[in-house]
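Could you walk me through this structure in the viewer? I would like to know what to select at each stop and what to look for there.

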Amino acid sequence: MSRTGRRRDVMKKFFSVLLTILLVLLETYPLAWLLLSSVKAPHEFTTRPIYALPTEIWGENYRRAWTEGKVGTYFYNSIIATFPSLFFVLLLGTMAAFGIEILRWHLKNTILLVFLAGIMIPVQMLLLPLFVLYHRMNLLDTRLALILTYVAYGLPLTVFFMSSYFQALPREILEAAILDGATIPQIFSRIALPIAANAIFTLAMVQFFFIWNDLIFSLTFISKTELRTIQTGLLNFAGRFGQIEWGPTFAAISLAVIPTFLVYLFLSRLIMEGLTAGALKG
């Protein structure tokens with residue numbers, strides 16, 4: 001290789017590393033700034049620049065966020081709304097995708113199109129009809145309203161994703177199981193689910209991020225403070241006249257962000273592998 005070619009390769013590597021460092025800084029700086037701000041003393045927000053490092057670790061912010069701000073209650077409500085919704089959306093969505101893609105019956109393509117149309121409906125169009133429906137059914141200010149909404153809203157994406165995955169499932173395996181006398185529920189639970197475990201796990205993570213971080217549904221259907229989820233509960237840190245105590249607020253936001261950040265940090269490789277596998281199979 002000539003000297004000019006080597007110089008060009010060195011410059012490419014240099015700019016690639018420089019771009020990577022820049023992207024890492026852009027991604028991590030907001031989180032680092034949030035965590036550092038959450039341990040600042042109250043007077044530092046008014047006497048020092050907003051980007052200044054804390055002069056001491058003020059843990060009182062986290063105590064006030066957990067007790068006075070009721071973050072523990074909001075955490076409990078988020079867990080109660082998230083995990084049952086996650087269970088039902090995965091169970092029903094995977095069963096529907098299996099029935100649509102594997103079994104032979106009339107109108108299955110039409111049903112798949114109905115689910116696909118559900119992906120295209122904006123959230124804002126659902127709020128008023130659902131609010132009226134839940135009002136008539138006395139479901140407003142209940143966790144059941146959130147669970148029903150999350151399951152219904154998550155099903156189209158789950159069915160679409162799992163249908164593309166089941167489309168590439170080897171039919172020879174299913175036919176061999178049928179010849180051995182396996183029933184449809186046995187084929188689904190003992191063959192299809194284990195093969196699709198990676199895709200289901202990826203889908204679970206995607207749905208978890210959406211449900212845990214949801215603000216619009218929770219804000220619309222829940223008005224009681226004791227039933228609010230972690231995202232809507234953060235609004236309580238604004239005072240009666242709009243003043244905000246920044247220390248406890250940043251501490252509460254950190255407590256809300258850390259679980260999803262840790263999940264993504266440790267499981268991001270599996271999530272990307274599952275998404276890539278699903279895309280290739282589709």
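Start with the whole chain: of the contacts (heavy atoms within 4.5 Å) between residues at least 6 apart in sequence, 72% join residues at least 24 apart. Keep in mind that this is a predicted model, where local features need pLDDT of at least 70, side-chain atom pairs count only at pLDDT 80 or more, and totals for chains, interfaces and linings use all residues. Residues are numbered from 1 along each chain as its sequence is written, and side-chain values use heavy atoms, with hydrogens and water left out.

Now switch to a cartoon view. You will find 13 helices and zero strands; these are DSSP runs numbered from the N terminus, helices being H or I of at least four residues and strands E of at least two.

Next, select Phe75 and Trp212. Their rings form a tilted aromatic pair, 5.7 Å centre to centre with 55° between the planes. Rings of Phe, Tyr and Trp (its six-membered ring) pair if their centres lie within 6.5 Å; planes under 30 degrees apart count as stacked, over 60 as edge-to-face and the rest as tilted. Phe75 sits in helix H4 (residues 71–101) and Trp212 in helix H10 (residues 197–212), 137 residues apart. Phe75 is buried at 14% relative accessible area, and Trp212 is buried at 4%; buried means under 20%, exposed over 50%, and partly exposed in between (1.4 Å probe, protein chains only).
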